[in-house]
Amino acid sequence: MKENLQDIGKRLSEYRTATWSELPDLDLYMDQVVTYVQKHLELFQSAQSEKLATPAILSNNVKAGLIPRPHKKKYGKSHIAALLMVCAFKQVFPASQVEQMLNFCQTQDHEKAFEEFGRVQDEMLAEVAKCMPERDLDDGDLHEMILRLALRANANRLAARMLLQRMEAKGEGKAKK
């Protein structure tokens, strides 16, 4: 069953990024982390077969230094928060800039960085939800809406990359993870 535009807008506006206090208090094993993150990112996966978080993705991000190493094979809140941010940033930035973005975010403590990430992500989803018309569109109007959203996303991605490069040139965002 295909969703109508109002349903899409409603899903976008009702999505809430977990807050720091809502992240699991207990340390989790890799499979538990992946299950938690996959469930949390369902909205962002375009197809059932496309997973934004898998054990291999988590391991690769740890090896790349994007996510801290687990403690005795267990992952805590800061690991889960970092993985959620990495999954979002990888949709926008190449790997080198994902690391820069994480470094920039983590110039403050992990909790504050994740709270800001969640607040802004929820604001952006609500902003896009407002663009959804209250009625279904004919094919021509729908095509134009898709084109506009895609090109706005591309323009936003370009601006974000350029600003991140500017920050790097100024030497900002060099915090240790």
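Okay, the ground rules. What we have is a predicted model, where local features need pLDDT of at least 70, side-chain atom pairs count only at pLDDT 80 or more, and totals for chains, interfaces and linings use all residues. Residues are numbered from 1 along each chain as its sequence is written, and side-chain values use heavy atoms, with hydrogens and water left out.

Let's start with helix α6. Helices here are DSSP runs of H or I with at least four residues, strands are E runs of at least two, and both are numbered from the N terminus. α6 covers residues 110-129, so to speak a run of 20 residues, and spans 28 Å from its first C-alpha to its last, close to the 28 Å expected at 1.5 Å a residue. That expected span is 1.5 Å times one less than the number of residues.

Which residues of α6 are buried? They are Ala 113, Phe 114, Phe 117, Gly 118, Gln 121, Asp 122, Leu 125 and Ala 129. Looking down the axis of α6, these buried residues fall within an arc of 160°, so they line one face of the helix. The arc is taken from the directions from the helix axis to the C-beta atoms. Buried, by the way, means under 20% relative accessible area, exposed is over 50%, and partly exposed is in between, with a 1.4 Å probe and protein chains only. And what do the buried residues of α6 pack against? That would be α1 (5-14), α4 (77-89) and α5 (95-105).

At the start of α6, a side-chain oxygen of Asp 109 comes to within 3.0 Å of the backbone nitrogen of Glu 111.

Now the aromatics. Rings of Phe, Tyr and Trp (its six-membered ring) pair if their centres lie within 6.5 Å; planes under 30 degrees apart are stacked, over 60 edge-to-face, and the rest tilted. Searching the whole structure gives five aromatic pairs. For Phe 89 and Phe 93, the ring centres are 6.3 Å apart and the planes sit at 65°, so that pair is edge-to-face. Both Phe 89 and Phe 93 are buried. Ring pairs join Trp 20, Phe 89, Phe 93, Phe 114 and Phe 117 into a cluster.

Over to His 79, which sits in helix α4. His 79 is buried, at 9% relative accessibility. Its side chain reaches the backbone nitrogen of Gly 76 at 2.8 Å. Setting aside neighbours within four places in sequence, His 79 is in contact (heavy atoms within 4.5 Å) with Ile 67, Pro 68, Arg 69, Pro 70 and Lys 74.

Next, some backbone angles. Most residues other than glycine have a negative phi. Lys 72, though not a glycine, has a positive phi of about 55°, and Lys 73, also not a glycine, has a positive phi of about 65°. Lys 72 lies in the loop between α3 (55-63) and α4, and Lys 73 is in the loop between α3 and α4 too. Lys 72 is exposed at 69% relative accessible area, and Lys 73 is exposed at 66%.

Last stop, the cysteines. How many disulfides are there, taking a disulfide as a pair of cysteine sulfur atoms within 2.5 Å? The count is zero. Cys 87 is buried, with a relative accessible area of 5%, while Cys 131 is partly exposed at 33%.

Technical notes. A disulfide is a pair of cysteine sulfur atoms within 2.5 Å. A polar contact is a pair of N or O atoms within 3.5 Å; within protein, one must be able to donate a hydrogen and the other to accept it, and residues adjacent in sequence count only if both atoms are side-chain atoms.
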